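Please look over the sequence and the fold below. This report then walks through a few of the features.

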Amino acid sequence: MNYIGSKYSLINFIQNTIQDVTNINNGEGHTFADLFAGTGIVGSVFKQLGYNVISNDIQYYSYVLNKHLIENTPVLDNSLLDYFNSLIGENGFIYQNYCINPNNERNYFTDTNGKKCDAIRTELENMYINKDINECTYYYYLASLVNSIDKYANTASVYGAFLKKIKKSAQKDFYLELLPVIDGRKGKVYNEDINKLIKRISGDILYLDPPYNERQYCTNYHVLETIAKYDNPQLKGKTGLREYSSQKSLFCSKRTVNKVFDDLIANANFHYIFLSYNNEGLMDIDTIKNIMSKYGKYTCYKQEYQRFKADKEENRNIKAKTTTEYIHCLIKE
């Protein structure tokens with residue numbers, strides 16, 4: 001997924017920095033927590049390295065992705081793929097609310113793809129409720145559906161708005177593709193407010209990748225949230241936003257971010273803490289240094305990387321094509 005804040009291109013930098021600071025090269029016997037997990041890139045890598053991974057995100061679609069990537073282990077049943085792809089589309093919630101039809105003008109998916117998504121999502125839920133599939137299989141296919149349908153969305157990468165005309169990638173007929181099954185220890189995944197969860201868990205390494213700016217993930221990925229939950233929510237406005245007040249992050253507000261970050265570090269029962277944050281975030285480097293230094297030995301590493309793009313170049317007001325990614329490190333006393 002072309003995801004805001006994805007660490008896919010920075011994973012080597014993150015992995016090498018953590019190994020250099022901790023001097024832990026084999027994760028066996030150690031606990032690694034990825035508590036702003038997103039699409040699960042970082043947690044998946046450390047699961048492969050042998051760590052016992054704790055994953056968390058307040059967004060349910062992220063919880064679904066990580067339930068598969070972090071909790072599932074080989075071997076899983078992939079025999080249902082052809083069955084799901086052979087289903088005939090149906091007139092369900094996604095088609096009715098996110099596709100152009102006589103009662104709706106939202107253009108997130110083609111009618112065909114919206115109906116196919118509904119058919120797969122409905123059948124998957126029915127099979128789980130009827131105990132035809134177990135929880136591992138359920139999240140395997142649901143995570144794969146969330147990941148796959150995103151490739152056919154008629155958006156400029158995020159769901160804050162849809163495009164007026166169907167772009168080429170969105171015109172293709174939807175095909176469900178299965179996510180990889182990550183080999184490693186079975187981890188534990190949560191769907192909670194991180195500042196509440198942090199008081200109940202502990203471990204060796206804590207990796208934090210909070211939102212850097214005022215863009216709320218709950219509004220930028222609300223369609224994926226609805227597909228994951230499939231809870232028939234009341235939608236509002238032109239873009240069909242669902243109720244999201246309980247998912248708004250205090251890390252996305254200049255007014256609240258310093259306090260909530262300090263609270264998080266103070267309550268973290270982990271020896272090593274790593275924070276990914278770039279040079280354009282709501283907290284400046286000195287603020288982060290001052291907060292983390294209160295609790296132990298602080299160091300910082302940095303690397304240049306390409307900026308996330310969610311629209312066409314000619315529409316952008318930002319001139320810089322790269323940003324600086326910092327990894328702030330704390331050995332907590």
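## A first question

How does Glu177 count by relative accessibility: buried, partly exposed or exposed? Glu177 counts as partly exposed, because its relative accessibility is 36%, between the 20% and 50% cut-offs.

## Confidence

This is a predicted model. The protein chain has an average pLDDT of 95. A score of at least 70 is reached by 96% of the residues. Residues 311–318 have a pLDDT below 50. That stretch makes eight contacts in the model beyond near neighbours in sequence. Where pLDDT is low, the predicted coordinates should not be read in detail.

## Salt bridges

The count is twelve salt bridges. One of them joins Lys7 and Glu325, with the closest N and O atoms 4.0 Å apart. Lys7 sits in the segment before α1, and Glu325 in strand β7; they are 318 residues apart. Lys7 is buried at 4% relative accessibility. Glu325 is buried at 1%.

Glu135 and Lys67 form another, at 3.7 Å from N to O. Glu135 is in helix α7 and Lys67 in helix α3, so the pair ties together parts 68 residues apart in sequence. Glu135 is partly exposed at 38%, whereas Lys67 is buried at 8%. Salt bridges link Lys67, Glu71, Glu135 and Lys186 in a network.

Lys151 forms a salt bridge with Glu177, at 3.4 Å between the closest N and O atoms. Lys151 is partly exposed at 43%.

Conventions. Residues numbered from 1 in each chain as written. Predicted model: local features only at pLDDT ≥ 70, side-chain atom pairs only at ≥ 80, totals over all residues. Heavy atoms only, no water. pLDDT = per-residue confidence, 0-100. Contact = heavy atoms within 4.5 Å. Salt bridge = Lys/Arg side-chain N within 4 Å of Asp/Glu carboxyl O. Helix = DSSP H or I, 4+ residues; strand = E, 2+ residues; numbered from the N terminus. Buried < 20%, exposed > 50% of the residue type's maximum accessible area, 1.4 Å probe, protein only.
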